[in-house]
Amino acid sequence: MTASTPQNLKQDRIARTSQHMAGITMLMLVGMLALNVFSWIFPEKFSSLAEFTRSATLLDIDPASLPHWQLAGIMVITSIPLLALAYGLFQLRALFQRYAQGEYFSPLAAIHLGRVGYSVAWWVLLGVLCQPLSSAWLTMMRPVGHRLINVAFGSNEVVCLFMAASITVIARILQRASEVDAENRQFV
C-alpha cells in the first residue's frame with residue numbers, strides 16, 4: 001500500500017470533482033432541452049423558467065391556445081440555439097472527464113475547451129437569429145397589423161460573446177502550451 005501524499009489527495013479530489021462536474025453537466029444538457037419542451041407543453045408550470053416562453057407571455061400568447069403544428073414548430077425553433085449550447089455542454093462534459101483521468105494539460109483537453117467557446121458563441125448568435133423567427137411564428141395567425149417580429153441584442157449577448165471569445169483564446173493558448181510541453185519532453 002502506498003502512502004497518501006498531499007499531492008495525491010489533491011489529485012484525487014480534483015478527479016472526483018471533475019467526475020461530479022461531468023455528471024452535472026450531462027444533467028444540465030438534458031434538463032435544459034426538456035425544460036424548453038415542457039415549458040411549451042405545460043406553460044403554467046414552467047414558463048417562469050424558460051426565456052422563450054416568457055417572450056410568448058409578453059406577446060400575449062397562451063401556448064396552450066396554439067394549434068399543435070404551431071406548438072411543434074415553436075418547440076423546434078426555440079430548440080435550435082439550445083442544441084448549439086447542448087453541444088458545448090457535451091464538450092464541457094468531455095473536458096471534465098479528461099480532467100478526471102488526470103489529463104489536465106493535453107491537446108485534446110484544449111480542443112474540448114475551444115469547442116465550448118465556439119458553441120457558446122453559436123448559442124448566442126442562433127438565439128439572436130431565432131428570436132425574431134419565433135416571434136413571427138407565434139404571431140403569424142394574428143390579423144395583418146398585429147403580427148410582430150421581436151429583435152433583441154443586448155448586454156447579455158455581448159458579455160456571452162466576449163466570454164466565448166475569451167474561452168476560445170484560452171483554449172488556443174493551452175493547446176499551444178501543451179504542444180511546447182510535448183516538444184520539451186522530447187528533449188529531456
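**Exercise 1. Classify the cysteines.** Is Cys 130 buried or exposed?

Solution. Cys 130 has 5% relative accessibility, so Cys 130 counts as buried. The cut-offs are under 20% relative accessible area for buried, over 50% for exposed, and partly exposed in between (1.4 Å probe, protein chains only). Next, take Cys 160. Its relative accessible area is 24%, so Cys 160 is partly exposed. Last, check for disulfides, meaning pairs of cysteine sulfur atoms within 2.5 Å. The structure holds zero.

A note on the source: this is a predicted model, in which local features need pLDDT of at least 70, side-chain atom pairs count only at pLDDT 80 or more, and totals for chains, interfaces and linings use all residues. Residues are numbered from 1 along each chain as its sequence is written, and side-chain values use heavy atoms, with hydrogens and water left out.

**Exercise 2. Describe the fold.** How many helices and strands does the protein chain have?

Solution. Count DSSP runs, numbered from the N terminus: helices are H or I with at least four residues, strands are E with at least two. The chain comes to six helices and zero strands. From the N terminus on, the order is α-α-α-α-α-α. Then look at burial: of the 188 residues, 34% count as buried.

**Exercise 3. Orient two helices.** At what angle do the axes of helix 4 and helix 5 cross?

Solution. The axes of helix 4 (residues 68-100) and helix 5 (residues 107-139) cross at roughly 170 degrees and come within 8 Å. Therefore helix 4 is roughly antiparallel to helix 5 (the cut-off is over 145 degrees). Sort the contact by class: 24 nonpolar, nine polar and two charged residues. Here Ala, Val, Leu, Ile, Met, Phe, Trp, Tyr, Cys and Pro count as nonpolar, Asp, Glu, Lys and Arg as charged, and the others, Gly among them, as polar.

Conventions:
Axes are lines fitted to C-alpha atoms, for helices over the stretch in contact, and angles run from 0 to 180 degrees between N-to-C directions. Angles under 35 degrees count as roughly parallel, over 145 as roughly antiparallel, 65 to 115 as roughly perpendicular and the rest as oblique.
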